[in-house]
Amino acid sequence: MTVAQAVVEYLSRQYTVDTVGGVEYRERLIPGTFGIFGHGNVAGVGQALKQYQQQDPTLMPYYQGRNEQAQVHQAVGYARHTRRRQTYAISTSIGPGSSNLLTGAALATTNRLPVLLLPSDTFATRAADPVLQQLEQPYAYDITVNDAFRPLSKFFDRVNRPEQLFSAFHHGLRVLTDPAETGAVTISLPQDVQTEAFDVPVEFLAEREWRIRRPDADDEDIARAVQAIKAAKRPLVIAGGGVLYAYANDELAKFAELTGIPVGNTQAGVGVLPWDHAQSLGAIGSTGTTAANAIAAEADLIIGIGTRYEDFTTASRTAFQNPDVRFVNINVAPIDAYKHGTTLPIVADARKALAKLNAALGGYRVGADLEQQITAEKQRWDATVDEAFDTRYTPLPAQNEIIGATNRAMDARDVVICAAGSLPGDLHKMWRVRDPFGYHVEYAYSCMGYEIPGGLGVKRAAIAEAASTTAAGGESAPVRDVVVMVGDGSYLMMHTELVTAVAERIKLIVVLIQNHGYASIGSLSESLGSQRFGTQYRALNEEQHSFDEGETLPVDLALNAESLGVKVVRIEPGEKVIAELEQAIRDAKAAPENSGPILIHVESDPLLDAPSSESWWDVPVSQVSELDSTKQAFQTYVDHKSRQRKLLG
């Protein structure tokens, strides 16, 4: 068989096996392959997929996308919702087809989410040299565009000979299924090698199981952590995505209820506890709640569970002001367990570590003063969100009102999707999550354009989830609705996968918020003294060569979506915006599952901000300037900078 045929058949027989709470799960690691075909892969992977489609359509289903980067985003969304047990493979042609994957690769690796990239490459034999779209470097002739994947991938290899296939894919899938090392796995396939025939050992094509490692916590590490917790007066948990990937929600809830220790969550950790849980403080850090940030400021022990402590989480290292603060970090990845110079790292699966802590902490509970403060701070923040959701501005609503309406219209099991702009921060602090799978905001890379393809990947996973539950003999559960919230800036970056949803009749609900610019960076620019420069969609003022004061562009994004075959609902400005929006979402949810995508277009006022997190984010300000606004912003920056700490201990 050819190398490409061997790759396709091999991937069709790879399975992940995972044991959670005594229950074993066995699922296909690669349930399908995306591909956009060019001269680099049409005769290789393309031919193999077509051949197997005719012989056995279930062996390796093919999915058609419109943009290579968007295909990675779909795979990432799918991987996140399946808790890293499954992902897609993506085949591209050489040159721009391959390099279009680079942003997606960086996003996957940054988010610690698995995706298998199979970019085509130039001739290994160099029989035709240089070929169309080949990059030539005079100092190193073996370099191709695909070498750009090396720093972006958790594993990279190039198959220059058929015999290299075995080790390349064996080690690639080892990394893909490793919870500590996972991310983008890139295996470069030269276009001539893809079509080359060779004898493939039957062992290579046999079914293989990849057991998800769940390393247990060392007893001595647990004992030291217990000692630190019992000595603490004001402990605080920061829960990240690792809690969700380890299915540790129940153990975390037990831990919080047993000890009274409050829990703040990162963007990736939204859903670890329901929003109204007694110990849940909600989001923490720069986009956090005032409740979480107030407790964090005085905490003497931070128990980080499954978090990589990005700068938003730590408010650029200003969140923790107690001079004696220490860190206990539980993480399956050593790089994260050792952060902030902690002397108490626990390199382990979050669920197993929490189970041991729960068994060892019997009788311990925080003081009544902290519990009273938790209750008071939660009530203060809940009242703040209620006011933000219920205040009505006309004729254009605030984004807060739109978030509130969307939250109310969705069911507990539904999933909200977002990635970039002002929405992620507002959702993080205000979204009232009720289900561990109900919130998916890509914020590690915060990639504009992720929303629609990422949401489509989540929807694919939700459809498969419902089908597998029914097939396993369980009750027929309804498919989760997936609601993408996206601003006009991100929509314009990558809306092409709406066509994919139309082609497959996938019901994806998109709430498109039109504010005629980049609201998030506009607000940041203003706070930094740059006066919202370059953040508004306006016609060019040729005299000043400015885009800041001209007429609003006559762009109709609702009409654009209609032209792609999407059903569109326009919410007109006025007093009934929020009521009509809420009803439109409910109507979209009531539509049949195979009815295709539905886009709801609503305008907002970009100058109406969300409630303050009473926190900070470090974005440097020009130290010298002729602008008074910048001078004032720099002084504010210096004041905040003085509170930044090394946090070693």
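**A close look at helix α6**

Tutor: In this predicted model, the buried residues of α6 are Leu165, Ala168, Phe169, Gly172, Leu173, Val175 and Leu176. Seen down the axis of α6, these buried residues fall within an arc of 155°, so they line one face of the helix. The spacing along the list can be read against a general rule: an α-helix has 3.6 residues a turn, so residues three or four places apart point the same way. As for its length, helix α6 covers residues 165–176, and its 12 residues, at 1.5 Å a residue, should span 16 Å, which agrees with the 16 Å between its end C-alpha atoms.

Turning to the rings, a search of the whole structure finds 15 aromatic pairs. In one of them, the ring centres of Tyr10 and Phe169 lie 5.8 Å apart with their planes at 75°, so this pair is edge-to-face.

For comparison elsewhere, Tyr309 and Phe327 form another edge-to-face aromatic pair, at 5.9 Å centre to centre and with 85° between the planes. Here Tyr309 lies in the loop between β13 (301–305) and β14 (326–331), whereas Phe327 lies in strand β14, 18 residues apart. Tyr309 counts as buried because its relative accessibility is 7%, and Phe327 counts as buried at 1%.

Methods. Residues numbered from 1 in each chain as written. Predicted model: local features only at pLDDT ≥ 70, side-chain atom pairs only at ≥ 80, totals over all residues. Heavy atoms only, no water. Helix = DSSP H or I, 4+ residues; strand = E, 2+ residues; numbered from the N terminus. Expected span 1.5 Å × (residues − 1). Buried < 20%, exposed > 50% of the residue type's maximum accessible area, 1.4 Å probe, protein only. Arc of directions from axis to C-beta. Phe/Tyr/Trp six-rings, centres within 6.5 Å; stacked < 30°, edge-to-face > 60°.
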